[in-house]
Structure formats: C-alpha cells, structure tokens
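Here is a friendly note to read alongside the model. Please keep the sequence and the 3D view open as you go through the points.

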Amino acid sequence: MKRALLALALSASCAESTAPIAPLTTPSARNLTAVARANVARLEVEVGPLLEPRSDDAELAERVTGLLESVESATLGRVAREELASLAPASLPLLARRLNDAELPAAQRIAAIEALGAADSRYGAEQLLARIEAMRTRKNDEAWVRAHCAWRLGQGSQDWIVPRMIRHLRYETDHETVIWIARALAKFGNYSGLDALEVVARTAVAADTREGANAARFELSGACGFGSPEALAGAWRAGDERVPQPPLSRLRQLEIWRVIAGFSEWQLRGVDDGRFTLARENSAAAALLAEALLDENRYVRTHAAQSLERMGARARSAGPALLTALDDPELEIFVAEALGSVGCEAAEGELIARLDAARSLEVRTAAARGLASLALASSAMALDVHLNDSAPRDLRFAAGCARLRCSPLDAPAALVTWLIADYATGTGETASSEPALRAWYAARPDADLAAWDAPPDGTPSARIARRAELLRAALPR
Amino acid sequence: MNVRSLAGIAVAALGAWALVAVFHEPAQAHAPVAWESSSQCAECHRQVHDEWSSSWHAQAWTDEEVRLLSDNFSNLDCIDCHAPQPVFETGIGNRPLARSTRRAEGVDCIACHLMKDGRMAGTLDNHTVSCRPSAQRELTRPEACGVCHNQHGTVDQWKASRYAQPGPGFRDCVSCHMPLRDPADPSKGRVHAMHGGHDLELVRSAVALRVARDGGVPVVEVENVGAGHNYPTDDRSRASDVFWRDIASDGTKGEWRKLHRFRNPYRFEVGEIDTELPAGRTIALRIADPAARGEIEVALFYKLSPFYADAARADPEREAALVHSARLAP
C-alpha cells in the first residue's frame with residue numbers, strides 16, 4: 001500500500017515538473033555530405049603529391065655553387081644565369097637552399113630566385129611562395145627577397161599561387177612587394193590587388209614607390225582595354241565579362257578547396273583569412289563555393305555563403321545554388337544576405353516572403369538586408385509595410401535601408417531623417433545605412449558625390465561626421 | 001501518543017499528499033515567448049540587467065574603440081564575437097556565428113542564455129514563467145565563455161593553470177569575473193557586470209611586483225599571483241609594461257625607461273613574440289643600466305590599448321594605468 005502511494009505521489013510530482021519542449025531546429029533535409037574534404041582528397045590524387053627533386057648529386061651541387069659564384073662576373077654573369085636557368089630539376093632544392101641563405105651575397109640569392117622561377121615548376125614556385133610567406137613568422141624579414149620572389153612568380157604559369165598570394169597580401173607590409181604581388185595576381189586574371197595598389201600609390205612615403213604603384217595600375221587597366229584603373233576596378237567588382245578570366249587549374253582548385261575545408265576549424269584566424277581570400281578569388285571560384293553549400297559541416301556551409309556574399313556580383317553564377325540553400329534553416333540568414341549581394345534578382349520573391357511576421361526576426365531582418373543589396377524598385381511596396389513604428393526596430397531599420405536603395409527618390413522624409421540621425425551617432429548599423437544613404441544622396445540633383453567619395457582622411461567617425469553634414473544639407477527644408 | 005497513533009498520522013498525511021498530488025492541476029506551462037531584445041529580461045531581472053548594462057559585454061557593438069578598429073564593423077569578421085548568435089544555439093564548444101538582429105546589444109542576455117528550444121539556460125527549472133528557465137551546468141563552465149574568449153587562448157591558459165585542478169583551489173571564470181552577490185547565500189545569484197581588464201583593482205590583484213638588488217644590480221620580479229590565465233590575457237589590445245626611473249639625491253625623478261612588456265601581439269604584428277605571464281609564473285628582470293645603481297623607482301603599468309603616442313618617448317603615467325610601483329634604495 002505504502003509503495004503504491006509513494007509511486008502515485010512520485011508520478012504526480014514528475015508530471016508536474018515536465019515542461020513542454022519546443023521542437024529543435026530541424027537540420028536541413030538536403031543531402032549533405034563531406035563535400036570539401038572529398039574534393040580535397042580527389043584533387044590530391046589527381047595532381048599528385050608535391051615531390052622534392054632528388055639533389056644528392058655532388059657534381060651538380062658543385063656546379064650550382066660555381067655558377068652562382070659567377071653571376072657577379074662582368075664577363076661570365078649572363079652565361080652563368082642562363083645556365084642556372086637551364087639546369088635539371090635536381091638543382092632546385094640546391095637553389096632553394098641558396099635563396100634562404102642570408103649569408104650569401106644578394107646577387108647570388110637573386111640568381112637563385114630567377115633560376116627557381118625559370119623552372120616554372122610546382123616545386124620551384126612553392127619555394128618562392130614559401131619564402132614570401134615566411135614573413136609572417138620572422139621579424140625584420142628581408143623585404144627585397146620577398147619583392148624578387150613575387151616578381152618572379154608573376155613571370156610563370158603557376159596559377160595555384162593565387163589564393164595564397166591573396167592571403168599574404170593581407171599581411172604584407174613592404175610596398176614594393178605589394179606592387180609585385182598585385183601584378184602577379186593580375187597575371188592570372190585576379191585584380192583584387194588593385195585596391196592595395198591604390199593605397200600604395202596614395203600613401204607610400206617614397207615618391208618612386210608611389211609612381212611604381214600608379215604605373216602598375218595604369219598598365220594593368222590598359223592591358224585589359226580599360227581607360228582607367230578605376231574603370232578596371234569597377235568592372236572587376238561587378239564581374240564584368242570584359243575582364244579576362246582564365247579557367248582555374250586543378251592545382252588552384254585544390255588550394256581553394258583546402259581553404260574551404262579549413263572553414264571547419266575552430267580558430268577564427270584561419271577562417272578570417274579564408275573568407276578574405278575566397279571573397280577576392282576569381283569568379284570561377286564561386287562555383288566551388290556554391291558546391292560547398294551542401295557540405296555536412298555547418299561552418300563550411302556558413303562561411304562559403306559568407307564568402308559568396310563578400311565576393312558580391314562576381315559570384316552571380318552562384319545565385320541558383322544560394323536560392324536552393326535558402327531552405328537550410330542553419331544557413332537561411334547568411335544566404336538571404338548573400339542572395340542580395342550577388343545580385344540574384346530571381347530571389348526577390350523568396351526574400352519578400354521572408355519578411356512575413358511568421359518568420360523569425362533574424363530571418364526577416366536578413367531578408368530585408370538581402371533586398372537592400374538587390375535594390376530593385378519592385379521591392380519598395382513590400383518594404384513599406386515594415387516601416388511603421390509597430391515593426392521591431394531591427395526589421396524597421398533594415399527595411400528602411402532597403403527602401404532607400406530600392407527607390408530613393410520617393411522615400412518618406414521621416415524615414416530619411418531617422419536614418420541620418422542614426423547614422424550620425426556612429427554606433428548603429430552604419431555598414432547598412434551608409435550605402436542606403438549614399439543611394440538617397442546620389443539621387444539628389446545637387447549631390448556632391450566627389451565630396452562623399454573623397455578618400456578617407458581620418459577616423460571612421462570623422463568620415464561619418466563629414467557625410468552626415470552632406471546628408472543634412474540635402475534634406476528638404 | 002503511541003507508535004500506532006504516530007504511524008496512523010503518518011499514513012493519513014501521506015495519503016492526503018498523494019491525493020493532492022493526483023488531483024491538483026499542474027502549474028500551467030508558460031507559452032513560448034519570442035526573445036527579440038534583452039530589455040525583455042529586465043522586466044523580471046532588473047538588477048541583473050542593470051549590472052550587464054554597465055558591463056563591457058553590453059558595449060561590444062557600441063564601444064568607440066571597437067568601432068574604430070573594425071571601421072564600424074564593415075570588417076564583418078568582428079561580428080561573430082561582438083554580436084554572436086546564442087551560444088547554446090551554435091553549441092557550447094563550437095565557434096560563435098554572427099547574428100542579424102539586436103547587434104547594438106552586443107553580448108547580451110540572449111546570447112548567453114537562450115537555448116535552441118526557446119527556453120533560457122539558468123540554474124533552476126521552472127516552466128511557469130515567461131523565460132521557462134532550464135538548469136544547465138554548461139552555462140557557468142569555462143567552455144561557455146571559451147566560445148569567444150578562447151579564440152585568444154584564455155580558457156586554454158586557465159586549463160594549464162593550477163586553478164583548473166579539482167580540489168579546494170579550483171576557481172574558474174565565474175569565480176573571479178562573476179562572483180556570487182552574497183557568498184553566504186548563493187541563491188542571490190552572480191554579479192553580471194563581468195569585471196575584467198577594465199577594473200584596475202582586479203588587475204592589481206592579478207600580479208605582484210617585487211624589487212631587490214643582486215650584487216648591486218636591481219632585479220625586478222613580476223609574479224602572476226591571482227589571474228587564472230595569462231597576465232594580461234587576450235591578444236591585440238592588452239599590454240602591461242614595466243618601467244623604471246632613477247631618483248636623484250634631491251628627489252628629482254628621471255624619465256621613465258621601459259624594461260619589459262607583457263603582451264601577445266596581434267596577427268598583423270609579424271615576428272613579435274608572446275610575452276604574456278602564465279598563471280602562477282614569475283619573471284625576473286635585471287636592470288643592467290649603471291644609472292640604476294642609485295635609488296630607483298620601478299612601476300608596472302597596464303594598457304587597454306597597446307600603443308603609445310610616441311613609442312620612443314612613452315609617457316606611461318599619462319597613457320597607462322599604474323598597477324604597482326616600488327622604490328629601491330642604492
């Protein structure tokens with residue numbers, strides 16, 4: 001009896017403490033697999049391992065030493081350099097050792113760089129690239145060596161260096177090396193170095209460095225048939241087909257897949273570098289990133305979507321894959337923004353549907369951001385619904401920014417005033433409101449866009465204050 | 001009263017309790033709430049919300065320095081930790097991901113407490129209130145803080161310290177950074193102001209400074225006596241510098257001279273090495289300068305931002321906070 005009563009009591013108290021549990025977010029029903037790892041494995045088999053040529057030939061070693069010692073000779077120098085460039089692959093490890101020997105005279109190390117580059121092989125290029133990348137672990141590394149290596153890599157045909165060169169550009173501190181890296185990238189149809197060239201042309205202390213950067217800008221744009229560096233940079237960002245886009249070699253695809261696979265790492269440093277690199281890769285990389293949207297790892301999928309978003313119009317071809325990925329609950333907010341950024345106009349309806357109150361605020365806000373980047377006039381009416389005071393602030397703000405970009409001329413004055421006031425505080429979503437307010441400002445007949453777009457002359461808050469002044473002056477009295 | 005009577009009363013009481021338990025209407029579960037702002041939490045948890053509002057977590061998006069360094073977050077990489085999705089949603093131990101909304105609230109109540117099922121991670125279970133708290137031990141574990149802070153290795157540093165060892169000396173993140181409001185009554189909860197490097201008293205409690213002479217040469221010892229991680233932890237921004245200056249016989253003080261810097265450089269600072277002081281470790285620094293043979297003053301300064309206006313002529317008294325100082329006679 002006692003036992004029965006006790007059991008009864010216990011069951012009653014247990015029933016009381018059982019709280020209803022809402023269903024967990026269901027994982028995507030899509031067929032997710034280890035896409036990135038599988039591609040890395042496949043390509044590693046296809047291209048084979050990077051092998052160091054055998055270099056145990058004492059006679060060859062002696063010959064390399066002799067030739068290097070002759071490069072400074074007025075009479076034998078030219079012949080020695082030519083002969084070094086024509087040596088068998090077995091000489092490459094010997095030349096790499098000379099390249100990294102800081103005790104050797106500069107002329108010998110330069111000759112070693114040239115011979116390694118002249119081989120135009122995977123192994124030789126790896127030695128030059130590794131020497132450039134060593135800057136990240138050495139204090140007071142020799143900048144002139146990096147500049148020479150970058151220059152020589154730009155003379156070869158090893159396009160797989162591009163992702164690693166882009167990543168290195170993020171860290172490079174020597175202006176001359178920056179110039180040669182930008183040129184090398186352009187050799188392979190990658191113009192992501194134009195921004196760095198512009199900064200060097202504007203800010204380098206030495207006049208000849210500024211001139212060198214500027215010369216490179218004009219040379220690169222002229223070679224592509226563009227009238228100015230700005231025109232080429234604009235065309236590159238827009239994914240303009242007039243910008244030559246050679247196909248990606250398998251080795252370069254392997255490098256890209258390695259970066260994508262690295263998105264699953266825990267440390268943000270490598271992930272930040274990866275997003276930076278892939279956002280600046282050629283348009284052809286968008287196809288690989290689109291494939292990665294089906295990876296089984298949430299972080300690989302998420303950062304692939306973010307990389308496509310940051311790639312912008314150059315990733316237009318990924319639109320259909322992104323549109324499919326919009327149904328992935330773990331990806332939805334990232335994909336919504338990416339769809340707008342890549343300019344997938346076919347996504348307008350899906351994004352407008354996601355403004356609905358039945359969706360989470362996160363999704364609704366991201367959808368409004370996506371519509372802002374799409375900037376289609378046809379979205380304006382759907383956005384107007386969310387501009388009233390009863391809408392959650394995040395949604396109202398994102399919809400307001402989108403409304404300005406979609407149809408700036410008839411944007412409600414109260415909305416513009418509110419967005420300017422928020423922008424001027426400098427503590428809100430300025431990354432969203434700045435392009436929206438620029439669209440509104442640019443639509444004014446008296447807009448001074450030269451003043452708006454003037455190069456940065458101080459802190460971000462100084463820039464915001466300057467632009468807020470322009471905006472306030474443009475408000476109707 | 002005999003045993004029989006007592007047993008009868010006990011059975012009757014148990015029966016009455018059982019009847020109440022069976023027929024009593026269970027307390028009604030609260031309907032799920034859409035959590036869209038941490039200001040919703042303030043309706044019931046005013047004190048906690050006020051503490052958090054004063055914290056640097058609350059300023060993760062609006063702080064002037066981070067706005068400057070991230071160019072107003074146009075560097076999108078910064079958003080992952082400065083406006084993260086709820087850590088229980090991405091998973092304790094996993095890397096945080098950026099969220100789309102309420103970014104101005106930074107690292108807020110929702111970021112740390114909201115669970116995938118819409119309940120709030122807490123220290124007790126209660127489904128009758130709006131936040132439907134669910135007792136989650138992970139909430140106070142270092143791994144929860146580590147989703148962001150271990151990006152700089154702070155939790156790994158703690159794991160390598162004696163404080164991570166089970167036993168009476170065990171202390172974790174919340175022991176120091178979220179102490180109990182009333183140690184005698186844990187039910188009063190923990191302080192949510194989450195003091196750290198901005199609290200000079202906490203910084204002072206982390207390190208000890210000692211000076212002595214060895215054969216006339218001043219030897220400065222700095223010991224990490226209180227931090228459960230490196231001193232200072234977190235790369236990029238934090239730095240702590242040891243300076244010294246001579247003091248003339250008339251009391252005139254010379255210029256500060258830098259002796260050592262404790263800092264883990266940021267990724268762009270190529271070739272710089274990590275000089276942070278691990279938990280429990282001591283570093284001894286000798287001042288070989290002949291000018292130090294007379295009376296000297298040694299001081300340890302702390303900087304929230306690592307750079308001096310003029311690196312060659314640093315003015316720590318103006319540009320850094322004094323942690324400890326000591327004088328050493330000739």
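The numbered points below start with how to read the model and then go through chain A and chain B.

1. **Reading the model.** This is a predicted model, in which local features need pLDDT of at least 70 and side-chain atom pairs count only at pLDDT 80 or more, while totals for chains, interfaces and linings use all residues. Residues are numbered from 1 along each chain as its sequence is written, and chains are lettered from A and ligands numbered from 1 in the order in which they are written.

2. **Chain A overall.** Chain A has 27 helices and 0 strands. Here helices (H or I, at least four residues) and strands (E, at least two) are DSSP runs, numbered from the N terminus. The C-alpha trace of chain A spans about 95 × 85 × 35 Å along its principal axes.

3. **Burial and contacts in chain A.** Of the 477 residues in chain A, 44% count as buried. A residue is buried if 20 or more other C-beta atoms lie within 10 Å of its own, exposed if 12 or fewer, and partly exposed in between, with the C-beta atoms placed from the backbone. Among contacts in chain A with a separation of 6 or more, 66% come from residues 24 or more positions apart. Two residues are in contact if their C-beta atoms, placed from the backbone, lie within 7 Å.

4. **A buried helix.** Look at helix α8 (residues 143–153) of chain A: 9 of its 11 residues are buried, so α8(A) is largely enclosed by the rest of the structure. The buried residues of α8(A) include His148(A), Cys149(A) and Trp151(A). What covers them includes α6 (106–118), α7 (122–133), α9 and α10 (175–187) of chain A.

5. **Two packed helices.** Two packed helices are described by the angle between their axes and the distance between the axes. Helix α9 (residues 161–169) and helix α14 (residues 250–261) of chain A pack at an angle of about 50°, with their axes 7 Å apart. That makes α9(A) oblique to α14(A). Angles under 35 degrees count as roughly parallel, over 145 as roughly antiparallel, 65 to 115 as roughly perpendicular and the rest as oblique. The axes are lines fitted to C-alpha atoms, for helices over the stretch in contact, and angles run from 0 to 180 degrees between N-to-C directions.

6. **Where those helices touch.** Val162(A), Pro163(A) and Arg164(A) in α9(A) meet Arg252(A), Glu255(A), Ile256(A) and Val259(A) in α14(A). By class, this contact has 4 nonpolar, no polar and 3 charged residues. Ala, Val, Leu, Ile, Met, Phe, Trp, Tyr, Cys and Pro count as nonpolar, Asp, Glu, Lys and Arg as charged, and the others, Gly among them, as polar.

7. **Domains of chain B.** The domain assignment of chain B gives domain 1 (38–151) and domain 2 (200–328). Such bounds come from an automatic or database domain assignment. The C-alpha centres of domain 1 and domain 2 of chain B lie 34 Å apart.

8. **A sheet of four strands.** In chain B, 4 strands form an open sheet in the order β6-β5-β8-β9, with antiparallel pairing. Two strands pair if DSSP finds at least two bridges between them. The edge strands of chain B here are β6 (257–262) and β9 (321–328), each pairing on one side only. On average, neighbouring strands of this sheet are turned by 20° against each other, direction ignored.

9. **Strand β5 in that sheet.** Strand β5 (residues 239–246) of chain B is joined to β6(B) by 5 bridges, and β5(B) pairs with strand β8 (residues 296–303) of chain B over 8 bridges. Of the 8 residues of β5(B), 6 are buried, so β5(B) is largely enclosed by the rest of the structure.

10. **A sheet of three strands.** Another open sheet in chain B has 3 strands in the order β3-β4-β7, with antiparallel pairing. Strands β3 (207–214) and β7 (282–286) of chain B stand at the edges, each with a single partner strand, so one side of each is left without a neighbour in the sheet. Strand β4 (residues 217–224) of chain B pairs with β7(B) over 5 bridges, and Val219(B) stands opposite Arg286(B) in β7(B).
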